[in-house]
Amino acid sequence: MVINNQIVTFPELKEAYSKYINNPDDLARIEKAYNFASLKHEGQFRKSGDPYITHLLGVGMILATLQTSPNTIIAGLLHDTIEDTGTTKEEIALQFGDEVAFLVESLTKITRLSDFHNSDFQAEDHRKIFLAMAADIRVIIIKLADRLHNMRTLQFQPEEKQKRIAQETLDVYVPIAHRLGLNSIMSELQDLSLYYSQREVFSSIEEKLNESNKDLNDSLMRIKTKLTALLTKAGIPFEISSRVKSIYSIYKKMYLKNYKFEDIYDILALRIITKTETNCYEILGYIHSAFTPVPGRFKDYIAMPKPNMYQSLHTTILSGDGHVFEIQIRTQEMDETAEEGVAAHWRYKEGTHYDPKKEQHDIEEQLHWFKDFVNLANQDKDEVNAKEYESQLRQDIFEANVYVFTPKGKVIDLPAGATPIDFAYKIHTDLGDTLSGARVNGKLVPLSTKLKTGDMVEIETKNGSSPNSEWLNIAVSSFAKAHIRKYLAKQNAEYIRSDQIEKGKASMRDSLRERKVTGSIEKMIDQKLLDNFRCADSDELYIKICNRNLMPQQIIEYLDIAHPSSSPEMIASDTKKALQNKPAPSVKDAVLLANGDSAMITLANCCTPLPGDPIVGYVSKGRGIKVHRANCPNILSEQARLIQVKWNPEMDKSVKYPVDFFVESFDRAGLLVDIMNTITHQGDLVTSIKAQYKASHGVTTVAITAMVEDASALDNLFQALMGVKSVYSVRRALH
Ligand code: MN
């Protein structure tokens with residue numbers, strides 16, 4: 001194999017770019033960049049012993065051959081100055097402008113990132129990073145030129161490094177070159193990689209090629225002669241050439257697809273270049289009339305370009321002397337695209353106003369390599385999935401990911417918009433849970449700071465620091481949010497427990513009060529009572545009461561406290577009291593007994609039923625009928641006293657009834673105001689609002705009594721309340 005590692009001199013480079021760059025300013029700037037780089041890298045040498053500048057001239061030459069813009073060549077010459085000579089971005093900006101400085105800086109970041117030879121760093125990660133960093137396609141092209149020159153001079157590296165670099169080239173750089181349609185670069189990178197990674201395989205293919213070459217060449221010459229005569233006679237403009245299939249592509253067919261060398265019929269292919277698309281099809285017609293085409297081998301990439309913009313007609317013919325050849329037919333322009341992909345499309349043209357953004361846009365429009373990518377990854381999925389996958393992938397690569405460093409230089413990838421909280425949780429749950437502050441590039445920053453690719457992030461922790469609900473708004477990654485929620489829920493469990501104890505106690509107190517028992521409940525609860533109800537302590541007893549596993553009634557019975565209603569005078573006073581307590585307005589008309597009769601009916605305070613709720617009546621001693629919601633736990637064990645009741649269809653619809661409910665929310669400023677406004681906006685009236693805030697959990701529970709028309713009005717109200725920012729639960733109270 002002939003490796004092109006010839007040293008390029010500056011006059012040679014100048015000759016190459018002077019072919020298409022004539023502007024004296026540009027010429028002067030390129031020369032200035034060469035001098036700048038020479039000076040900066042003075043005294044540095046490559047493994048080959050050559051001065052370092054030879055690498056930069058080599059890269060410059062590859063870029064000039066692709067006819068890239070003056071700034072691209074300048075950035076190519078300067079690409080190692082920040083990394084290897086300590087030159088600052090500012091200095092480059094001052095000398096060569098912001099655009100060049102941006103290109104060089106991007107290249108430096110890629111160098112730093114791709115220097116990680118971390119074993120759990122996948123090739124796909126490398127590619128993603130590469131593409132994310134190189135949001136400007138010029139950066140990718142310079143980087144590929146850099147890698148190509150390094151591959152050309154790889155012989156000077158130790159064998160182990162040769163193998164590693166070759167593998168990385170195949171894994172990372174070749175797919176990118178392929179996707180961008182930079183086929184000549186791709187093909188050279190592949191051959192060089194194979195040469196360094198599997199020398200024996202490479203040599204055996206090379207040998208076979210040389211052996212068969214003469215025979216194939218003779219056959220090809222005969223076809224060429226025949227075709228030349230035909231097309232000349234037809235008056236169609238054409239150029240005819242032949243090319244040898246690259247060693248790597250033969251290797252792929254032989255070793256990855258199990259072909260025999262003899263069965264690869266396109267080792268030598270003919271290429272016909274003509275003027276117009278129409279000419280292409282005309283030529284195809286002549287070929288098919290003169291030779292026998294192999295069925296199923298005709299491919300029209302003109303009408304259906306490949307995802308990387310490749311266009312051409314392919315056909316395979318029988319030569320008539322025992323050989324099979326592939327013929328490619330295309331225009332000059334298609335040929336340039338086939339060899340250089342985006343670079344061809346993008347060749348520097350003097351005199352036209354250069355707009356990098358527009359160019360980037362044009363290229364992305366034309367490049368359908370995302371689809372190519374998708375097809376590879378998704379071969380057996382249906383199209384809808386593929387589309388979804390494609391857009392996800394696009395997001396993944398160009399929008400979604402930022403790549404940041406730990407202080408030790410590990411690369412962490414995060415979704416776009418990620419903050420130090422996401423970063424901390426990505427590294428370790430404990431780091432997230434004790435996070436107290438963050439530094440980005442050495443500077444202390446708010447936790448809400450959005451991280452950018454290339455940032456170095458340090459997390460500060462403190463004992464006693466803990467996640468709060470506001471973090472849920474700051475974190476963007478699902479893993480961080482899940483951890484924060486888990487933490488808050490754990491804290492919340494403690495909160496719920498103390499809440500349940502309070503409720504159980506209140507419910508016990510109410511029952512005692514109903515029986516006119518005064519004195520502290522605590523005093524009534526002794527070990528014997530706890531043992532009887534199998535509770536370890538009074539907290540457990542209250543929780544059981546709250547959860548309705550134990551009814552206050554049972555405790556009262558156990559304590560043998562007589563019900564006050566058994567005394568006649570108590571009934572009278574009770575009735576009087578019930579009247580003083582005045583039931584909700586017109587409630588008497590709102591509920592009827594099942595048989596249509598009215599009775600002294602009041603609505604229970606424990607479950608605050610509303611018109612529309614399923615209800616049941618509870619015959620209380622001396623206080624008429626209490627209407628509960630049908631599912632009210634307070635009456636479940638009192639089946640004998642229940643009586644069927646129904647809402648009066650002719651009730652006064654303008655009357656509103658009290659209803660108790662809880663709103664739970666992550667705490668924030670203005671929460672109560674928003675809740676009040678929402679209720680008022682619904683046309684309902686708040687008669688009581690009480691908020692309890694648990695600072696350690698960042699959660700607020702708001703207990704509300706409001707006057708509401710009926711159950712469906714309450715539904716509407718709940719829906720409105722769920723729409724209030726940071727509210728996560730609204731539920732009716734059961735006291
Ligand atoms: Mn380099």
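# A first walk through the model

What covers the buried residues of helix α13 includes α10 (159–179), α11 (183–197) and α12 (199–234). Here, buried means under 20% relative accessible area, exposed means over 50%, and partly exposed is in between (1.4 Å probe, protein chains only). Helices (H or I, at least four residues) and strands (E, at least two) are DSSP runs, numbered from the N terminus.

You're looking at a predicted model: local features need pLDDT of at least 70, side-chain atom pairs count only at pLDDT 80 or more, and totals for chains, interfaces and linings use all residues. Residues are numbered from 1 along each chain as its sequence is written, and side-chain values use heavy atoms, with hydrogens and water left out.

## The overall picture

The protein chain has 31 helices and 21 strands. Of its 735 residues, 47% are buried. If you take the contacts in the chain with a separation of 6 or more, 66% of them involve residues 24 or more positions apart. Contact means heavy atoms within 4.5 Å.

Back to α13, which spans residues 247–256. Its buried residues are Ile247, Tyr248, Ile250, Tyr251, Lys253 and Met254. After α13 comes Asn258, whose phi is positive, near 60 degrees.

## The manganese site

Which residues hold the manganese ion? The protein donors are His55 (NE2), His79 (NE2), Asp80 (OD) and Asp146 (OD), and they lie 2.2 to 2.6 Å from the ion. Along the chain, these donors follow the spacing H-x23-H-D-x65-D. His55 sits in helix α3 (residues 53–65) and Asp146 in helix α9 (residues 137–152), so this pair ties together parts that are 91 residues apart in sequence. A donor is an N, O or S atom within 2.8 Å of the metal (3.2 Å for Na, K and Ca); water is not among the atoms, so sites may look incomplete.

How many disulfides does the structure hold? A disulfide here is a pair of cysteine sulfur atoms within 2.5 Å. Take Cys607: the closest cysteine sulfur is in Cys632, 3.8 Å away, which is too far for a bond. Cys632 is in no disulfide either, and the cysteine sulfur nearest to Cys632, that of Cys606, is 3.6 Å away.

Helix α23 (residues 478–514) packs against helix α27 (residues 552–559) at an angle of about 55 degrees, with their axes 9 Å apart. The two are therefore oblique to each other, and their crossing is right-handed. On the α23 side, the contact is made by Ser507, Met508, Ser511 and Leu512, and on the α27 side by Pro552, Ile555 and Ile556.

The other crossing brings together α12 and helix α14 (residues 277–290), which pack at an angle of about 130 degrees with their axes 11 Å apart. These helices are therefore oblique to each other, and α12 passes α14 in a right-handed crossing. Lys226, Leu227, Leu230, Leu231 and Ala234 of α12 meet Ile283, Tyr286, Ile287 and Ala290 of α14.

A few terms: axes are lines fitted to C-alpha atoms, for helices over the stretch in contact, and angles run from 0 to 180 degrees between N-to-C directions. Angles under 35 degrees count as roughly parallel, over 145 as roughly antiparallel, 65 to 115 as roughly perpendicular and the rest as oblique. A crossing is right-handed if the near helix is turned clockwise from the far one by less than a right angle, and left-handed if anticlockwise.

## Around α20

Six of the eight residues of helix α20 (residues 420–427) are buried, so α20 is largely enclosed by the rest of the structure. The buried ones are Pro420, Ile421, Asp422, Phe423, Ala424 and Tyr425.

In the loop between β8 (411–415) and α20 you'll find Thr419. The C-alpha atoms of Thr419 and Lys450 are separated by 4.9 Å, though the two are 31 residues apart along the chain. Leaving aside residues up to four places away in sequence, Thr419 touches Leu447, Ser448, Thr449, Leu451, Ile474 and Ala475.

## Two positive phi angles in loops

Gln67 is not a glycine, yet its phi is positive, near 55 degrees. Gln67 belongs to the loop between α3 and α4 (70–78). Ser726, also not a glycine, has a positive phi of about 70 degrees. Ser726 lies in the loop between α31 (711–722) and β21 (727–732).

Here is how some of these residues fare for accessibility:

| Residue | Relative accessible area | Class |
|---|---|---|
| His55 | 1% | buried |
| Asp146 | 7% | buried |
| Cys607 | 0% | buried |
| Cys632 | 0% | buried |
| Thr419 | 0% | buried |
| Gln67 | 26% | partly exposed |
| Ser726 | 22% | partly exposed |
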